[in-house]
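Work through the exercises below with the sequence and the coordinates open beside you. Each task is followed by a solution that goes step by step.

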Amino acid sequence: MAGNIHELRPKPADTEKITINLGYVDLGHVDLMVQEGFYSNRTDFIRTAIRNQLERHSDVVKQSTARKNLDLGLRNYSREDLEAARRAGEMLHINVLGLASIAQDVTPELARATIASISVLGALHASPAVKAALADKMR
């Protein structure tokens with residue numbers, strides 16, 4: 001029975017891997033906090049620190065999000081979405097804080113014909129060909 005299960009669409013990752021450089025003393029402090037049981041590992045400490053800073057500045061983030069007219073969270077653009085925009089003679093201005101995802105079946109030509117500008121604070125998932133086609137439209 002398990003052989004009959006097929007994944008129709010791969011699930012997008014809900015996190016993005018980043019790399020940071022820390023001084024040895026700061027890293028030692030993090031390791032000490034982990035060793036003392038305040039955090040389960042370095043990643044847990046870093047995530048908590050980031051969330052605390054975001055919460056600390058939440059009012060500014062909310063104001064900036066509204067002022068810049070950003071879609072917040074996960075925003076998917078399917079081939080059908082872009083084809084509908086093309087039929088309507090509309091150009092999309094994509095502004096996302098979070099994850100913007102352009103479907104894998106979107107051609108570079110369709111993306112260029114329907115996306116006027118793209119600004120993503122977070123991550124953009126699209127094929128390398130679509131990213132290359134939109135390179136001059138990214139802010």
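A residue is called exposed when its relative accessible area is over 50%, buried when that value is under 20%, and partly exposed in between. The structure is a predicted model, and the exercises should be read with that in mind.

**Exercise 1.** Locate N69, and decide whether this residue is buried or exposed.

*Solution.* Begin with the position in the fold: N69 is found in the loop between α3 (58-67) and β1 (71-77). Next take the accessibility, which for N69 is 61%, so that the residue counts as exposed by the cut-off of over 50%. Finally, inspect the backbone, where phi of N69 is near 55°, a positive value in a residue that is not glycine.

**Exercise 2.** Describe the span of α2 and the contact made at its start.

*Solution.* Helix α2 covers residues 42-56, which makes 15 residues. From its first C-alpha to its last it reaches 21 Å, close to the 21 Å expected at 1.5 Å a residue. At the start of α2, the backbone nitrogen of T43 has a side-chain oxygen of N41 within 3.1 Å.

**Exercise 3.** Find the aromatic pair and classify its geometry.

*Solution.* The count comes to one aromatic pair, and its members are Y39 and F45. Their ring centres are 5.0 Å apart and their planes stand at 85°; since angles over 60 degrees count as edge-to-face, the pair is edge-to-face. The accessibility of F45 is 22%, and therefore F45 is partly exposed.

**Exercise 4.** Which residues of the largest nonpolar core touch the most other members, and which element gives the largest share?

*Solution.* The core has 17 residues, of which I94, I102, V106, I115 and V130 touch the most other members. Two or more residues come from each of α4 (79-87), β2 (92-102), α5 (108-114) and β3 (115-125), and the largest share, five residues, comes from β2. Now follow I102: leaving out residues up to four places away in sequence, I102 touches Y77, I115, I118, L124, H125, A126, V130 and L134. One of these, Y77, also has the charged end of R75 over its ring, 4.2 Å from the ring centre.

**Exercise 5.** Characterise the surroundings of S119.

*Solution.* S119 lies in strand β3. With a relative accessible area of 14%, S119 is buried, because that value is under 20%. Apart from neighbours within four places in sequence, S119 is in contact with I94, N95, V96 and R139.

Key. Residues numbered from 1 in each chain as written. Predicted model: local features only at pLDDT ≥ 70, side-chain atom pairs only at ≥ 80, totals over all residues. Heavy atoms only, no water. Helix = DSSP H or I, 4+ residues; strand = E, 2+ residues; numbered from the N terminus. Expected span 1.5 Å × (residues − 1). Polar contact = N/O pair within 3.5 Å; in protein donor to acceptor, adjacent residues only side chain to side chain. Core = buried A, V, L, I, M, F, W, Y, C linked by side-chain atoms within 4.5 Å. Buried < 20%, exposed > 50% of the residue type's maximum accessible area, 1.4 Å probe, protein only. Contact = heavy atoms within 4.5 Å. Phe/Tyr/Trp six-rings, centres within 6.5 Å; stacked < 30°, edge-to-face > 60°. Lys NZ or Arg CZ within 6 Å of the ring centre and 35° of its normal.
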